[in-house]
Amino acid sequence: SLETPDRFESLFVTWLCGDILGAVARLPVGLCLMLPERAAVEGAPERPATHPRRLWSAQALVAYALGVGTTVLASTSLPQPFVVIVVALMFVAISTNMATTAATGLWVVLTLDILIGQGLLQPPPATSAWHDALFYLAMLSAITPGIFLAASAQSQRATIEALQLSRERMQRLYTQTPVMLQSVDPQGRI
């Protein structure tokens, strides 16, 4: 019952933290599903960033298994499992794309929710309502670095791809131009 103010405060803080955690886990997946991916070749039609088949590719399934497996093993055997979960999500972020990392983060949060619901992952004893919030803040801080790293890595990959396409286009222009061209180095040599 909510008869005591402390009990209400504790439930409210826990609900608020859980709600924020769920939003942070779901928002990147939703954005990845909604935003178009730029076309790989200039002039080609844009395609959805995360076609449903892409979210169930072999690479994505391995990433989900890594995230869920690490979460279950770390949460049931380590006193501070979130550090290990961060490492797993960082690995997924480096080796896959933003959509797969966001979906893996969502699977990790769902797994943590199930473990908490089943009593396999218990928050440390709390002396105030804010101690519960610190537990959920640790969960939140476990999934956000992977999402930020994935966004940064995807941006860097896109930049490198654009530079490579530009270089290839300039090389084709140079080699396939029907007129004679000469190259001059910085010292003025032909």
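Predicted model: local features only at pLDDT ≥ 70, side-chain atom pairs only at ≥ 80, totals over all residues.
Buried here means under 20% relative accessible area, exposed over 50%, and partly exposed in between, with a 1.4 Å probe and protein chains only. I took the arc from the directions that run from the helix axis to the C-beta atoms.

Residues are numbered from 1 along each chain as its sequence is written, and side-chain values use heavy atoms, with hydrogens and water left out.

**Helix lengths.** I checked the span of helix α4 (residues 82-95) next: at 1.5 Å a residue its 14 residues should span 20 Å, and its end C-alpha atoms are 20 Å apart, which agrees. The expected span is 1.5 Å times one less than the number of residues in the helix. For α3, the 20 residues should span 28 Å, and the end C-alpha atoms are 28 Å apart, which agrees.

**Faces of α3.** I listed A60, A63, Y64, G67, T70, T71, A74 and S75 as buried in α3. They too lie on the same side of their helix, because their arc around the axis is only 140°. On the face of α3 turned away from its buried side I noted the exposed residues A58, V62, A65, L73 and S77.

**Chain overview.** I counted six helices and two strands in the protein chain. Helices (H or I, at least four residues) and strands (E, at least two) are DSSP runs, numbered from the N terminus. The order from the N terminus on is α-β-β-α-α-α-α-α. Of the 190 residues in the protein chain, buried ones make up 31%.

**Rings.** How many aromatic pairs are there? I get two, where rings of Phe, Tyr and Trp (its six-membered ring) pair if their centres lie within 6.5 Å, and planes under 30 degrees apart count as stacked, over 60 as edge-to-face and the rest as tilted. W56 and Y64 form an edge-to-face pair, 5.8 Å centre to centre with 80° between the planes. Y64 and W107 form a tilted pair, 6.1 Å centre to centre with 40° between the planes. This pair links distant parts of the chain, Y64 in helix α3 (residues 58-77) and W107 in helix α5 (residues 98-117), 43 residues apart. Y64 is buried, at 6% relative accessible area, and W107 is partly exposed, at 34%.

**Salt bridge.** I found one salt bridge in the structure, taking as the rule a side-chain nitrogen of Lys or Arg within 4 Å of a carboxyl oxygen of Asp or Glu. D185 forms a salt bridge with R189, and the closest N and O atoms are 2.9 Å apart. D185 is partly exposed, with a relative accessible area of 25%, whereas R189 is exposed, at 53%.
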